[in-house]
Structure formats: C-alpha cells, structure tokens
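Please read it with the structure at hand.

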Amino acid sequence: MRDNVSPQIEPLEERVVFTKEMKKTHTILFPQMLPIHFSLFQRCFEQEGYHVELLTETAPRVMRAGLSHVHNDICYPAILVIGQMIDALQSGRYDLERTALMITQTGGGCRASNYIHLLRKGLKRAGFGGIPVISLNLAGLERNPGFNLGFSLMRRLVYAIVYGDLMMCLANQVRPYERGSGATDALIAEWVERLQASFLTSQGFRRRTIQDNLSGIVRSFEAIPVEGPPKTRVGVVGEIYIKYAPLGNNNLEDFLLRENVEPVVPGLLDFLIFKCDNRIEDAGLYGTRKMTGLGSWALKAYVCAWQNRMIEAIKRSRFRAPKPFASTKALVKDYLGYGNKMGEGWLLTGEMLELIESGTPNIICAQPFGCLPNHIVGKGMIRAIRTRNPAANIVAIDYDAGATRVNQENRIKLMLAAADTSGTQDQLHRL
Ligand code: SF4
C-alpha cells in the first residue's frame, strides 16, 4: 500500500507584473509565427508606445533550450516558443533588468492557454524568474497595468491581419513564378513600411483608405513580372504554429518552392473569426452567458466584413481569392459538429474541404506529434474526406523534437508523386 502522504505540489508561480513604468523602459520580446503579419504587429505595438522585438532565431540550440526547460511531453510548439525566449535571454543581447516577454493565450481548453505557466516555470528554472511575462489574449485572462489591449491596438491588429492575409495569399501565387528572384519579398517589405506610415494618421484608419490600400496591394502584386506554366498547388493546414512558423515546420514553404510547387496557405482571419464563432456557438450549445456571445458576435461581424472586402479586392484581379468564413463553416456541416473547438477544431477540417473544393486536392496536414485535438479534426477526418472526395490527396505530417526533417520531406515527396498521377487541380476542375 502507498504511504498516506500528500503529494508534493509545486505552488503556483508568483506573477511578475508588467507595470506602467516598464512600458517606458522595457523591451518586449515575442516569438515569430507568421512572418508578414508579425512584422506588421511589431509596428502596431510600437505605435502604441511599446518597444517590441520579434524573435526570429531558428538555430538548433533554440529547440535544445526548450527541451532543457520544458517537459518533453509538452506540445512541440510550446517547446519551440519557450526555447526561443530562453535562448534570447541567454544570448547576452538584452539588459535583463529591462526585458519583458509576451506570449499569446487562446483562452480555450487546449494547452495553448497554459503555455504561459510553462514559460514562467521554465524561466524560473533557467534563472530568469524576475522577467515579466505579458499575456496577449482576448479573453481577459491576465491583466497588467503597463499593457492594454484596448480598442486602438485591437483595431490596428485587425487591419494588420487583413493586410497580412492579403499579402500572404498574393505572395504565394506570385513567388513560385517570379522572373526576378526576391521581387515578391521586396514588395512585401515595401508595403510593410507604407502601411506602417498609414497607421500614423487617422486617415490610415478610414474605410476608404484601407480599401484603396487593399486594391493598391493587389495591383502591385499583379505588376510583378512572372513566367512559366501553372504549377501543382499544395495546401498547408494544421495546428496554427506548425502550419505557419518556419521554425515549427522546418521551413516547409521554402521546401515546397524548391519542389517546384505552389503553396496555398489559409489565412489568419479565419482563425480569429473561428474563435469568436466558438463563443457564439457555446451560448447555443451550453447556455453560456449571452453577453459574451454578443461581444463575440459584434467582433465576428466586423472581422467578416473586412474579410469580404479583402476577398472582393482579390476577385477584381487575376488571382484566386479565398472563400469567406461562412462558406468554410458550411462545408463542415456534414462532417463535424460545431462544438469541436479544441485546438483548430472544425476549422481544420473546413480548411481541407475548402482547399479541395477550390481545386487544391493535394494537402499537407502539419501538426505536432501527440496533439490530440488536431489529430481528431485533422488526421482523424482524412478518411471521411477521402470517401466523399476521391481526388483528395492528403498527407498528415507530424512535427516533433524527435522527428527528422528528411523523414518529413520524404513523406511529402511521396504525396507529391501521387499528386502527379492521381489528378491535378485542373483535372479536378474538369470533373
Ligand atoms: S493545439 Fe495541439 S499543439 Fe497546440 S496547444 Fe493544443 S494540444 Fe498543444
């Protein structure tokens, strides 16, 4: 029999608060996820008076720092994000008395809501327990007197996501065909500067100005000289960090470009709308507070309106436009209930269905090894999707500290080999 002794439970960490004074003195470090969007986010924070630096280090020591300070049973994105932060603090580049960290919290039931506690535990073990950590969340989970996600910052971030989604969508359709190497990236850098300048005046927040910017971005991408026949398109879906972050997916987009295919990556707006939509669905499914549902309804309507304007701007050009959120949601109806919201929830299945419907049946479902929610709505749905969509050519790729890049890339190559013989998107269009 076991001894009747209470288990040793570690006390909850004492939180170091980010004060108003720190807003003036501290540099806030936050980890890279989506290169275009996050460079715009950085400018948004700076315009609100924060001094922010994006962490872009991807050397193998980042993963080693994560594995040294986070339990290796924890999700791979947590290991990488926390590793990137601890690696930065250990680099000697920052004055530790004047450095803070920022991390997102989804507010859902998934482990992503708990990364912040793992980070604080890891910081303490690494000797950085005095560094304040700011939670960036929409659910009011933690507050800091020196950081305010108010209307002004929220508005900037929403527009940054709209611009970021637009540029990512267009860049993926131009980069594989550009005549002058680097032209697409140079144009993105130019627009990031122009958009930052437009946020400096109230003019930059007028609906007319933003719509003009959307049209201007589309026209300028259309003007990049391109060449060559259409390439096989490959969709990338999965857990949000692994899907987007080059550190998480071993530079998947670069690999796909080297394999001579055109990557198609769904935007971030859908995820933001999905998070609002969950709260509205919760009110119906579980009787949660109607007022929470109302706030989410208003934010959802606002973001959906901007997504539609972005789609309309793309439709006026030669580029393929993504589908609006409502249409992606409708596709899932016969596959999953809308209560499936952990991780990427039903949105992951919806993104695969949207890709197939829009002529991109070749799909990589990228997820962390052992990510239960996304294995259910990702890998777990592949058979059901294939049964109803025989042209679907989906491969699930796991990313983990123990997984080798060569194995991941070989599995993708096998999928691409099948793509060449099982039917391209053009064949699908003709069906
Ligand atoms: S979605 Fe998966 S990887 Fe991401 S936090 Fe949740 S369990 Fe971890």
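The points below concern salt bridges, ring pairs and charges over rings in a predicted model.

1. Salt bridges in total. The count comes to 20 salt bridges.

2. Glu227 and Arg179. The side chains of these two residues form a salt bridge, with an N to O distance of 3.7 Å. The pair links distant parts of the chain, its residues being 48 apart: Glu227 belongs to the loop between α8 (207-222) and β5 (233-238), and Arg179 to the loop between α6 (151-174) and α7 (183-198). Glu227 has a relative accessibility of 46% and therefore counts as partly exposed, whereas Arg179, at 54%, counts as exposed.

3. Arg208 and Asp212. Here the salt bridge has an N to O distance of 3.2 Å. Both residues lie in helix α8, four residues apart, which is about one turn of the helix. Arg208 is exposed, with a relative accessible area of 55%, while Asp212 is partly exposed at 42%.

4. Glu409 and Arg405. A salt bridge of 3.8 Å, N to O, joins these side chains. Helix α17 (residues 405-422) holds both, again with a spacing of four residues, about one turn of the helix. Glu409 is at 16% relative accessibility, so this residue counts as buried; Arg405 is partly exposed at 38%. Elsewhere, salt bridges with shared partners join Asp277, Glu281, Lys300 and Lys329 into one network.

5. Phe30 and Phe45. The structure holds 14 aromatic pairs. In one of them, the ring centres of Phe30 and Phe45 are 5.7 Å apart and the planes stand at 80 degrees, so the pair is edge-to-face. Phe30 is in strand β1 (residues 27-31) and Phe45 in helix α2 (residues 35-47), 15 residues apart. Phe30 counts as buried at 6% relative accessibility, and Phe45 counts as buried at 1%.

6. Tyr159 and Phe205. The ring centres of this pair are 6.2 Å apart and the planes are at 40 degrees, so the arrangement is tilted. Tyr159 lies in helix α6 and Phe205 in the loop between α7 and α8, 46 residues apart. Tyr159 is buried, with a relative accessible area of 4%; Phe205 is buried at 12%.

7. Ring cluster. Ring pairs connect Phe30, Phe38, Phe41, Phe45, Tyr50 and Phe147 into a cluster.

8. Charges over rings. Lys329 lies over the face of Tyr338, 4.6 Å from the ring centre. Lys329 also belongs to the salt-bridge network of point 4. Arg388 lies over the face of Tyr335, at 4.3 Å from the ring centre.

Methods:
Residues numbered from 1 in each chain as written. Predicted model: local features only at pLDDT ≥ 70, side-chain atom pairs only at ≥ 80, totals over all residues. Heavy atoms only, no water. Salt bridge = Lys/Arg side-chain N within 4 Å of Asp/Glu carboxyl O. Helix = DSSP H or I, 4+ residues; strand = E, 2+ residues; numbered from the N terminus. Buried < 20%, exposed > 50% of the residue type's maximum accessible area, 1.4 Å probe, protein only. Phe/Tyr/Trp six-rings, centres within 6.5 Å; stacked < 30°, edge-to-face > 60°. Lys NZ or Arg CZ within 6 Å of the ring centre and 35° of its normal.
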